[in-house]
Amino acid sequence: MTRTNNFLTQTKLLETWLINKALPVWSGIGINPDNCSVFEQLDSNGQPDRNANIRSRVQARQIFVFSSAETMGWMSDSYSKVSGINQFLEQHAKVSEISSGYAHLLGPKGSIIDPKKDAYDFAFFLLSCACQYKTYQDTKSLIQAEELFQHIDSHFKGDLGGWSEGDYPFQHRRQNPHMHLFEAFMSLYEITKDAKWLARAGQVFSLFENVFFDAKLGVLREYFNEDWTLVEGEKGNIIEPGHMFEWVWLLRWYEKLTGANVSKYCDLLYENGMRIGFSQNDGLIFDEVEPDGEIVKGSKRLWPLTEFMKSSIVQAQAHIGEAERFEANAATGIQKLFEYYFCAENLLGDDSSKIKSADLNIDKYNGRYIDQLDQNSFVLANHSPASTLYHIVMAAIVAVSYMRQNQYEQ
């Protein structure tokens, strides 16, 4: 396919930014030379926050980032980074030698401060195993993945389907951990062709159809009681547009693997997400709304835009006749990332809460990003969490793979 359009330009811009700016920063200053762990975040001056606690899931997310970047041809030295992170987790985050998985939270020096085991964390441990096997053909990763799943199934499995939040008391059940388990299971099936992983993904898909998806309103529900009934009141009414777009991408992936017809879900989630999720002022995505679009939480994090990009691309693949419209949407998503979230050096000072990111002079990017804006698009969180890079890299993989598969040429 030969087509000169904004999607090609924006995708190449994003890929170049990752290769030349973001990945060197996060694989360099983003790694603690004292213990090979990943720093939780960079501060507003681009320096590692050495006082921040360490989430084990962030270590797993960066394993995904570095190993996937190697697969895409964006890095050539990822193995040493990934090995160091794994060594850190084994030495510092193991609750016991005979138990699978890692503690939820460590202190800045690597001591365990919250030993709970969390299903959301486990989803990323599983995803990191899949990526390591894909990139390095490390069979130990597959053994670890099975051990992780057996722990989940033995300790977190719910009576009415799905899994609990973890090995600790919780008030509500959420779709979010299941969404990422869905991603991990499909990743493991894709690289192993072992049907057990697809069967596990099928369990999550069944939950989506019967619990998470609100067929009457065409939205994704977030919070549930123990018996999977929707939580009453304001909590139950929360809709996260970013998650609606994320499910579109996941469902289209499941469709490719199984042949399941998911268009009725994807089309509703995508179009309704656009209808209720976007700010009319700047084209950014609200963190939380109600099913009718009433704003619940008017802040705007970076990651929902990456999910919008991914969903737009898979919709373009599913609806060939409308591909240009969806590609244009994906291109707009990348433009918004650069315009509002990717920040330049030394532009965020002590009074950054009053800075409007769109007014910054961002001629020069250094691999960092603004994590969250407020309802009026002023900077709300000026640090750069390492965890957000997972979203950016995944979106870039989807966009660049689509570009390569369609043999775009300028």
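**Exercise 1.** Work out which residue arginine 57 forms a salt bridge with, and how far apart the closest N and O atoms are.

*Solution.* Start with the criterion: a salt bridge needs a side-chain nitrogen of Lys or Arg within 4 Å of a carboxyl oxygen of Asp or Glu. Arginine 57 pairs with aspartate 118, with 3.8 Å between the closest N and O atoms. Finally, both arginine 57 and aspartate 118 are buried (under 20% relative accessible area; exposed is over 50%, partly exposed in between, with a 1.4 Å probe and protein chains only).

A quick note: this is a predicted model, where local features need pLDDT of at least 70 and side-chain atom pairs pLDDT 80 or more, while totals for chains, interfaces and linings use all residues. Residues are numbered from 1 along each chain as its sequence is written, and side-chain values use heavy atoms, leaving out hydrogens and water.

**Exercise 2.** Find the salt-bridge partner of glutamate 255, then say whether each residue is buried or partly exposed.

*Solution.* The partner is arginine 252, with the closest N and O atoms 3.0 Å apart. Glutamate 255 is partly exposed at 22% relative accessible area, whereas arginine 252 is buried at 3%.
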